[in-house]
Amino acid sequence: MVSLYLIVTLSAISVFFLLNKVKRFHVKALHPLPPGPPGLPVIGNLHQLDMTSNLSDHLWRLSLHYGPLMSLRLGHVQTVIISSAEMAKQVLKNNDLIFCSRPVSTGQQKLSYGSKDIALSPYSEYWRDMRKTCTLHLFSTKQVNAFRPVREEEVFDMIDSIKTRFANKHVVNLSELLMILTSNMISRMAFGKRSSDYNDEKQMTGVHGLLLQCEAMLGCFLYRDHFLFMGWLDILNGSMARLEKNFKDVDEFFQKLIDEHVNSNKPNDMQEDMVDILLKLKQESDSTVELTYDHIKAVLMNIFLGGTETSATTVAWVMTSLIKNPKCLNKVKQEVRNAIGNKGRVHEDDLYKLKYLKAVIKESYRLHPVAPLLLPRESRDRCVLGGYEIPKKTLIHVNAFAIGRDPECWEKPEVFDPERFMGSSIDYKGTDYELIPFGSGRRGCPGMSLGATTVELALSNLVYSFDWELPEGISDIDTLTRPGPVARKKNDLQLVAKVYDHGCRVD
Ligand code: HEM
């Protein structure tokens, strides 16, 4: 009797395993992985990716050969690159719930205080609550509007600083000034004080250095993230020590800011900054997420990192494209100057009049998205896309840079032509998948409205106040990009600013 029972049980188990195997074989046979360049054993395709070059450009060129859904293997990490609007829609809309997680890497874990932030944390109930809380209290239209005076003051200060320090004679390093502008803006909105004074170069280096440290943590290549049992190499080559040191600096910076807020006697009528709001939420027991200082620091890191370089880099790319296309530069100047007249400044409530300026920005987002691969996603389950198998835990990169150059979506994609957006309903809000500089879906950028307003305000004041020219002896500017998650210009944008006399009254 016992042996019969044993035979039946063993047969059942064998049949179960056999069926499972057949099922898996069937799935594999029916749905192959997306095509991609052949890789080597163990390292896969890692040797084919030059991390020191423009990765999105390189992946775009590969996708021209292998298609809009392309497989790569980075060590043991199965990776898929999305390079068309249709495939992006499949990932970011139709299967958003499957593709809305983020991969966990060692640098990401450190920088996010162990997944306590919004941008880098994998999808979870905690992440949903945290994102909801921050969207409501930090990124809502009401909150963005409350910081309007800060943005205007900082932009007007930058314009005045160019007028007094550089105008007509010296070359302006616009890339650097824009970074100072946006880090001052974000610092005032988030921490209640400027990151620097324009004359205090030392402090600027401090904050800028910190940004670079955060980026280094995010982008650092560690063996342990790609090869099982190889973590000891990261210790031997000093990468882990560097990561710890960078994290310590960043953590001390945020802790100091929090301490200053906890110990300050701010008058009640003084404007709240984001640290004040987060500290208030920490004290409220009915808040959905129980906030600790680590949660607050993780969110501050997102705001600091997400809000500074993105907006500054966008304006630098728009100005680069305008200088390379003088007809567009003249047209946008005329539009802004006609709309504003002799008012002296462009304010946020003037921006709705500037239709061509908005088209110019969209065209720049198409050709130079500042987060060309958005932020990486990870699949939460297996899925079939375009007839191909996407296994669970696949790393997904959506290549916005490639999509902006897809001839299926864009006529003469290589030409900078803002007119294509005049009278067109295509926008960057995340529902037109041919233009997704802010991503889309559950993980789309929550700071879009803040970022977009900052870009429009800075750009409109720059073209309103100055006639921009190339420095003497320079006939063109390059469009080379630095490697990294944010596509900064490799060489800073250096221009001459000739003050335009509006016969102004300045409010
Ligand atoms: C021109 C300015 C900006 C651009 C182009 C931009 C772009 C992006 C992109 C492409 C993503 C990834 C979206 C995805 O995976 O689908 C993202 C996410 C994010 N951005 Fe922005 N961003 C900008 C400004 C800002 C600002 C001003 C803030 C905050 C102050 C911000 C905070 C964030 C956060 C927290 C996330 C993570 C969202 C999540 O994972 O749920 N961004 N941004």
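In the predicted model, Val171 stands opposite Val496 in strand E9. A second pair in this region is formed by Asn173, which stands opposite Gln494 in E9. These residues belong to the pairing of strand E3 with E9 (residues 494-499), which is antiparallel and extends over three bridges. On E9 there is also a pairing with strand E8, again in the antiparallel sense, and here the number of bridges is four. In this second pairing, Phe466 stands opposite Val499 of E9.

Together the strands form an open sheet of three, in the order E3-E9-E8, with antiparallel pairing. Its edges are E3 (171-173) and E8 (466-469), each of which pairs on one side only. On average, and with direction ignored, neighbouring strands of the sheet are turned by 45 degrees against each other. In a regular strand, side chains alternate between the two faces of the sheet.

Strand E1 (residues 69-74) is joined to strand E2 (residues 77-82) by six bridges in the antiparallel sense. Within this pairing, Arg73 has Gln78 of E2 as its bridge partner. E1 and E2 form a hairpin with two residues between the strands, and in this hairpin Gly75 adopts a positive phi near 65 degrees. E2 also pairs with strand E7 (residues 395-398); these two strands run parallel and are joined by four bridges. One of the residue pairs concerned is Ile82 with Val398, the latter lying in E7.

The packing of helices was examined next. Two packed helices are described by the angle between their axes and the distance between the axes. Helix H7 (residues 148-165) packs against helix H8 (residues 174-191) at an angle of about 150 degrees, and the two axes are 9 Å apart. Because an angle over 145 degrees counts as roughly antiparallel, H7 is described as roughly antiparallel to H8. The crossing of the two helices is right-handed. On the H7 side the contact involves Val150, Arg151, Glu154, Val155, Met158 and Ile162, which meet Leu177, Leu181, Asn184, Met185, Arg188 and Met189 of H8. By class, the residues of this contact comprise eight nonpolar, one polar and three charged.

From H12, Leu257, Ile258, His261 and Val262 meet Val275, Asp276 and Leu279 of H13. Five nonpolar residues, one polar and one charged make up the contact of H12 with H13.

The crossing of H13 and H14 is right-handed. The contact is made by Met274, Val275, Leu278 and Lys282 from H13, and by Ile296, Val299, Leu300 and Ile303 from H14. Of the residues in the contact of H13 with H14, seven are nonpolar, none is polar and one is charged.

The ligand has 26 residues around it, of which Gly306, Gly439, Cys445, Gly447 and Gly451 come nearest. At least two residues of this shell are supplied by each of H14 and helix H18 (448-465). The largest contribution to the shell comes from H14, with seven residues. Divided by class, the shell contains 13 nonpolar, eleven polar and two charged residues.

Conventions: Residues are numbered from 1 along each chain as its sequence is written. This is a predicted model: local features need pLDDT of at least 70, side-chain atom pairs count only at pLDDT 80 or more; totals for chains, interfaces and linings use all residues. A crossing is left-handed if the near helix is turned anticlockwise from the far one by less than a right angle, and right-handed if clockwise. Two residues are in contact if their C-beta atoms, placed from the backbone, lie within 7 Å. Ala, Val, Leu, Ile, Met, Phe, Trp, Tyr, Cys and Pro count as nonpolar, Asp, Glu, Lys and Arg as charged, and the others, Gly among them, as polar. A residue is near a molecule or strand if its C-beta atom, placed from the backbone, lies within 6 Å of it. Two strands pair if DSSP finds at least two bridges between them. Axes are lines fitted to C-alpha atoms, for helices over the stretch in contact, and angles run from 0 to 180 degrees between N-to-C directions. Angles under 35 degrees count as roughly parallel, over 145 as roughly antiparallel, 65 to 115 as roughly perpendicular and the rest as oblique.
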